[in-house]
Amino acid sequence: MIGAVLGLQFGDEGKGKITDFLSSRFQVSVRFNGGGNAGHTVVANGKKFKFHLIPSGSLRCETVVLGNGMVIDPHALVEEMENLRKSGCTSRILISKMAHVVTPMHKVLDMKEETVRSKLSIGTTAQGIGPTYEDKYARTGIRMVDLLSPDIIEQKIETIYRMKESLLKDTEYSDPARRHSMAGELNKVGVSLMPFMEYTELEIFRQYKAGKSILFEGAQGTMLDIDFGMYPFVTSSNALAGALSLGSGFPFRKVDYVLGVAKAYMSRVGSGPFPTELQGDAGNQLRELGHEYGTTTGRPRRVGWLDIPMLRYSIMMNDVDALAITRLDTLGLMDNIRVCTRYMKDGQEIDYVPRSFDELSQIELEYIDIKPWGAVKASDGGYSYQSLPEEMHRYINLIEERLGIPVDVISLGEGRENTLVREGSRLRNLEEVQQEHDRTL
Ligand code: GDP
Ligand code: IMO
Ligand code: MG
């Protein structure tokens with residue numbers, strides 16, 4: 001089976017948790033976009049893992065791939081790999097030779113650009129993501145494979161420095177000796193990563209031909225997509241399903257199952273429009289109930305109600321087959337619950353998500369109220385759908401009716417065990433098909 005897990009909101013939907021949960025059914029796990037801006041939390045066997053660069057399927061998949069669409073801080077990667085090994089994980093890690101390198105200079109540039117943006121500052125994660133993608137598209141970027149050649153690193157660092165001198169001239173990188181030492185450090189770490197570097201697109205295809213099941217894990221979410229998100233308050237890469245092909249080389253036509261992950265409410269870190277944002281006491285209550293603080297930066301996340309029109313758009317853009325709804329346990333504890341069902345403009349419903357700030361300020365949101373369902377308890381054998389509270393059933397039915405696709409996965413806590421795959425869902429059926437396939441291999 002070829003599957004994809006994608007975020008449908010502003011990131012932090014719980015993709016890491018869902019990817020890890022599904023990873024027992026997959027042999028290969030692939031990341032294809034973003035870099036250290038991602039923070040994917042997995043809680044397994046009572047232990048918490050935070051993945052930034054390595055796919056969240058690493059705890060159980062045989063092979064994990066960091067695809068060409070990623071931007072990688074090699075020093076951070078080495079640290080993450082060491083931590084993973086210490087926890088006993090033995091998966092084979094492959095890094096695309098064509099992925100781009102985030103240097104310490106890019107992180108400084110990220111912060112400098114934010115100051116220049118002033119009122120339009122994005123609230124980036126300061127992980128050097130934007131500047132690294134800028135260099136990629138300016139064709140001055142450093143690729144992982146370039147780290148093996150001291151001369152090429154030196155040349156590229158000089159080019160990047162000269163192109164961005166106005167931002168860097170009052171930093172440590174204005175000193176040629178510092179640039180030289182950085183090049184040396186990059187070469188050293190690059191050589192240490194050489195055994196893991198591959199033309200990963202070829203390896204992914206080999207694995208596919210060998211009948212292995214492959215899971216693609218998206219970072220960020222649709223509304224942070226550089227083309228279709230709330231530009232300019234977005235990340236610098238594509239987060240949509242289509243990015244999977246360009247960021248790994250694997251054809252999207254071969255993906256059997258796209259699972260869209262959405263929180264039962266919404267959260268966002270950083271600046272930019274957030275139509276259903278909750279201010280005041282209710283916002284504070286939801287933030288505290290959900291411990292909504294960024295995995296990468298620790299910043300408090302902005303929170304709001306579930307936005308059905310936005311989800312409808314994300315489902316369309318990602319060709320989502322089914323939904324995984326996370327944090328239903330958190331939402332149930334609220335004093336009251338609302339869901340945005342329609343965007344209205346001049347008294348008429350609109351069937352799109354405006355991306356112009358003027359138009360966004362003119363829309364009115366229609367909400368319906370839902371009765372909270374309180375705490376959710378699992379019985380000894382885990383959860384059964386029937387045993388979940390009536391009000392939660394109503395919430396899930398509403399999502400399915402309004403969006404026209406099934407909720408295949410229900411997430412009721414941060415651990416693997418707090419997860420339910422619906423009976424009769426396509427995910428269950430696909431698993432049966434896979435088992436049959438494995439038996440006949
Ligand atoms: P990601 O970036 O999409 O992987 O999400 P993050 O890991 O940044 O943030 C999601 C947070 O919610 C993490 O702390 C998860 O452990 C947690 N989480 C995921 N699903 C659930 C759930 O169903 N219930 C609860 N209580 N926590 C969850
Ligand atoms: P995961 O994969 C939530 C946000 C930042 C900022 C904007 C641009 O964990 O869901 P960047 O550093 O990418 O230039 O920041 O995008 N952002 C995320 N928000 N989850 C993420 O990743 C994010 N990656 C970037 O907060 O608003
Ligand atoms: Mg996250």
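This note goes through the ligand sites, the metal site and the nearby chain segments of a predicted model.

1. Basis of the values. Because the model is predicted, local features need pLDDT of at least 70 and side-chain atom pairs count only at pLDDT 80 or more, whereas totals for chains, interfaces and linings use all residues. Residues are numbered from 1 along each chain as its sequence is written, chains are lettered from A and ligands numbered from 1 in the order in which they are written, and side-chain values use heavy atoms, with hydrogens and water left out.

2. The shell around ligand 2. Ligand 2 is surrounded by 20 residues, of which D12, K15, H40, T125 and T235 are the closest; a residue is near a molecule if one of its heavy atoms lies within 4 Å of it. Sorted by class, this shell holds seven nonpolar, ten polar and three charged residues, where Ala, Val, Leu, Ile, Met, Phe, Trp, Tyr, Cys and Pro count as nonpolar, Asp, Glu, Lys and Arg as charged, and the others, Gly among them, as polar. Both domain 1 (2–90 + 199–430) and domain 2 (100–195) give residues to the shell, so ligand 2 lies between them; the domain bounds come from an automatic or database domain assignment.

3. Polar contacts of ligand 2. A polar contact here is a pair of N or O atoms within 3.5 Å. Oxygen atoms of ligand 2 lie 2.7 Å from a polar side-chain atom of K15 and 2.6 Å from a polar side-chain atom of H40, while a polar backbone atom of Q220 is 2.8 Å from an oxygen atom of ligand 2. Taken alone, ligand 2 exposes 550 Å², and the protein buries 98% of that, with areas from the Shrake-Rupley method and a 1.4 Å probe.

4. The shell around ligand 1. Here 19 residues surround the ligand, and K15, G39, T41, D329 and S411 are the closest. The shell divides into one nonpolar, ten polar and eight charged residues. At least two residues come from each of α1, β3 (40–44) and α12 (328–331), with α1 giving the largest share, three residues; helices (H or I, at least four residues) and strands (E, at least two) are DSSP runs, numbered from the N terminus.

5. On its own ligand 1 has 580 Å² of accessible area, and the protein covers 93% of it.

6. Helix α1. This helix (residues 15–22) is mostly covered, with eight of its eight residues buried, that is, under 20% relative accessible area, against over 50% for exposed and in between for partly exposed.

7. The magnesium ion. The protein donors of this ion (ligand 3) are D12 (OD) and G39 (O), lying 2.0 to 2.2 Å from it. D12 lies in the loop between β1 (2–7) and α1 and G39 in the loop between β2 (28–31) and β3, so the pair ties together parts that are 27 residues apart in sequence. Donors are N, O and S atoms within 2.8 Å of the metal (3.2 Å for Na, K and Ca), and because water is not among the atoms, sites may look incomplete. D12 counts as partly exposed at 23% relative accessibility, whereas G39 is buried at 10%.

How values were computed:
Polar contact = N/O pair within 3.5 Å; in protein donor to acceptor, adjacent residues only side chain to side chain. Buried < 20%, exposed > 50% of the residue type's maximum accessible area, 1.4 Å probe, protein only.
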